[in-house]
Amino acid sequence: MTDLTKMTLSGALDGMAKGEFSSVELTQAHIDACKASTKLNAFITDTHDLALEQAKASDARRASGTVGKLEGAPLGIKDLFCTEGVKTTAGSKILGDFTPTYESTVSANMKADGMVMLGKLNLDEFAMGSSNETSAFGPVINPWRKDEDLVPGGSSGGSASAVAADLCLGATATDTGGSIRQPASFTGTVGIKPTYGRCSRWGTVAFASSLDQAGPIAKTVKDSAILLESMAGYDAKDSTSINADVPDWSASCGQSVKGMRIGIPKEYAIDGMPADIQALWDQGIEWMKAAGAEIVPITLPHTKYALPAYYVVAPAEASSNLARYDGMRYGLRVDGKDLTETYELTRTEGFGDEVRRRIMIGTYVLSAGYYDAYYLRAQKVRTRIVQDFENAWETCDAILTPTAPSAAFAVGRKVSDPVQMYLNDIFTVTTNLAGLPGISVPAGLDKNGLPLGLQIIGRAMDEATVFKAAAALEDAAGFKAKPEKWWV
Amino acid sequence: MAQEKSKPKNGVTAKDVKKIAKLSRLHVEADRLEPIAEDLNGILGWIEQLAEVDVEGVEPMTSAVDMAAPLRADNVSDGGKRDDVLKNAPKSDDGFFVVPRSVE
Amino acid sequence: MFIAPRVADEKDWIVTDTGPWEIIIGLEVHAQVASKSKLFSGSATGYGSAPNTQVSLVDAGMPGMLPVVNEFCIEQAVKTGYGLNAKINLFSRFDRKNYFYVDLPQGYQISQFEHPIVGEGEIEILPIDGDGNVGEPVTVGIERLHLEQDAGKSVHDLSPDETYVDLNRCGVALMEIVSKPDMRTPEEASAYVEKLRGIVRALGTCDGDMEKGNLRADVNVSVRRPGGELGTRCEIKNVNSMRFIRQAINFEARRHIDIIEAGGEIDQETRLFDSVKGETRTMRSKEDAHDYRYFPDPDLLPIKLEQSFVDKIKANLPEMPDVRKARFMSDYGLPEYDARILTSDKTKADFYEVVAKGRDPKIASNWTMVEFFGALNKSGLELEDSLVSADALGCLIDRILDDTISGKIAKGVFEKMFAGEGTADEIIERDGLKQVTDMGTIEAMVDKVIADNAGQAEKAKENPKLLGFFVGQVMKASQGKANPQAVNKILREKLGL
Ligand SMILES: [Mg+2]
Ligand SMILES: [Zn+2]
């Protein structure tokens, strides 16, 4: 039998439909791969026994004629999604042995569609990071490697690494400033952040509520469409959930882009961008042109302010969202001499450096005397960024940019300079601020042989166009490279 | 590495760090106040560039979705799950959460 | 901002050796919305349940839990806004108020800061002093009404060094009604709360139960020279009875005056009222004041109300206490005093209207106010808990009007009804209280009394005042049941008067 872990999600679903292999066989192959991959540190919690049970149940369902959208597919869940009866950590020590009695809407949707869950994937602590080095459970290692350990990007580094290393057929991820797309770019995988409000945030540990969106990391554009169709959908339990039907996005993949107007924002050509990335972007423009799209130069003048605005809004919301981790009702409690000391010891020992840093920034920008200068101003800049996109949509249907300003870098290289680390999200953060869908598609390798992604941004609720353009890009790029299996 | 950092006019002081640490219930050792202030100033100094943006007459954006809050009907549809609520508690007794004494 | 133009009446000044002072009072009243479920979750709001049994994962601040707004609570806030003659804001928003406390699971309270659902309004109050004298009406400005979540409850006496936390109340919807600093006496302050209570009860938006804490007041007190510059204010938290409100203000004003006169300064602080000692004491000083870091709750979108939505609420408002009082005076011909007492509370007014239906309104008012409210007061019972229904009281009045019993007997019957011994008819029947109207029976009683008091009967002709004595004797002999008119008539005949 062929190596089942090499399959795409859609290929595996077809294979099971044709009876070529069972979910149990498929799941076992992935469990074996997971067990051999501890060097990558992609998982925080393995649920292999549970996965085999689910696979068995899936095979039984299939035998009785019930087949869900993800029937029998072994997948990974970022450890930011609460999973009933399975420890959930958010990559932090502060949650202790927290074991939810509830299932996040996103993972519940996938369960209902027949998913098999292999385990909970590693991430930056509370999804705060761009390299997966802030996880309390150690950094995730990128399967792509040149002489030294590289980061997989973050915060969904575990998800990206696991998909790139064929440990699972796809994974859930979340994206607050680029946390799906940047790791996808670093690992040669596809990652889409849908329109804000497409995926319910209910049951997903919050980082910055007005920016957080769930989405998948997958091996192909079509796989990402299949996963997103399962994850997305209206949820009355989330007040920001958009009440709209989930389209058949996988059908958009492969449709012609003839006549589609692709905007190229000049502001994304930043100073000091590696030549490889500029070249790949230029190549992408040529591919889209060749596929029949019309290339339109556009301007998004407030692009450079997106990242500083984000580093006001996100920490502000996070400082409040993370106040509930106080050691009183769940999670870690470090006893002090009194209540205040217990709060302080719990939160100081429970949170890592980056989370504490962001809580302090967030507290500062919201505090009396600074609110207007920082928080209110950042929100107004956010409006400016939205206006930039609205102007752009008058002349284009989708926007093509690089996903990240660099390829994967070495573990430890950027940890000491937060601003340098934050700059990783410079191309992705704009869509979070504006709530727009964005996808990263692997498009080539840099001079060191490391994957690079290109990003397609679309109008709100217009994932169909995003998938269409992304599939055309994927088709033209023909990216087939895989990392060497050095970790086995 | 530090070349990006520019000092804002009203930089964060050690005293500010003490105040925000207290507000956010984080413990900071006295000798860490100054280094943390410097660290935060590095980031806030970079954020200061927002001052360049003309935001005259611009409405602040509070949500990425332009909708009104959905309203739910007043039905009792939840609660009654004391065991679930207390399941992960570091300490509970007799149906209560037990926490350090909150009054002197 | 904080302007207090009205100067208190001279009679309300506090005069000391250094001269006169006036008290400036503003109130923040928290009124629990009478909703079945919580403001942002579907858990029940009932009082007195076992700890943590009315708690959802949302209320407990579990990771990933999100709030969804209860429409009924929005409606009640709008309704109450109309009751306060206030501006309804079609656009409002929920903000987070950030602070740490064991009864606040999320680490923030969801409240409304910048954009409350109800803006400025005003209500008129009638302050009444300790002797029941009614003062001039005072207009009290309403600053705003906003919606927010209640916190949980901390229990400190179950363990010596720990606190037990029950989150049942956590997330229950509160309307915080903020007044302008328009009150000048403790009586005005309690009249204001009484008035608010009457309004929310008339509207049905809050049950107004102060004992259960469903309506409670934070009282802001400062003193100044009459018409002079405002002093520093202190906030006394969670005062939960009208009497305590007056006591707390009196104590606090005196405290301020004493400090200032001794050359000291008032610290702006939050204080607690100790109802046992009748004192206020520091809860937290200004140095410990929080920096709440309010910001719009990103989990919630703005509340945008349609004009048609608020119009419909307005069109269906019940009668407000002031309007009802005017109607009681015009339709029932009641004096101001009766109308005011009866309409101060919706339940009382409803009760009266049932009693008065088809009966003499003034007799109905007397029976309702004097006997019924008197009995409630004496027993400490709430009207809702009384064993005497309005219909039952009405039937008792009917028995007086149809001469079945006398007014005097009726009072005894009422006492028994109040004690739960049955209806008026049952008690009259059981105790044989029916008025004796049979002329033969009465004549026999009269004959016997005259025979027993032959000497007096002789003198009666010269001294007609003795009739009273004979009436008394006959009534006594009949145990009060003889029809007094009949007794009179027969006695006059027999005594030859
Ligand atoms: Mg208040
Ligand atoms: Zn309040």
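How much area do chain A and chain C bury between them, and what percentage of it lies on carbon and sulfur atoms? The two chains bury about 2,700 Å², 59% of it on carbon and sulfur atoms; buried area is the accessible area (1.4 Å probe) that two parts lose on being put together, summed over both. In chain A, the residues that lose the most area to chain C are S239(A), R324(A) and R329(A), together 23% of what that side buries. The model is predicted, local features need pLDDT of at least 70, side-chain atom pairs count only at pLDDT 80 or more, and totals for chains, interfaces and linings use all residues. Residues are numbered from 1 along each chain as its sequence is written, chains are lettered from A in the order in which they are written, and side-chain values use heavy atoms, with hydrogens and water left out.

Contact (heavy atoms within 4.5 Å) joins 38 residues of chain A to 29 residues of chain C. One salt bridge is found across this interface, a salt bridge being a side-chain nitrogen of Lys or Arg within 4 Å of a carboxyl oxygen of Asp or Glu. R201(A) and D299(C) meet in a salt bridge through their side chains (2.9 Å, N to O).

Between chain B and chain A, the contact takes 53 residues from chain B and 64 residues from chain A. These chains bury about 5,200 Å² between them, 67% of it on carbon and sulfur atoms. In chain B, W46(B), L50(B) and M61(B) lose the most area to chain A, together 14% of what that side buries. Two salt bridges are counted between chain B and chain A; E52(B) and K304(A) meet in a salt bridge at 3.6 Å, N to O.
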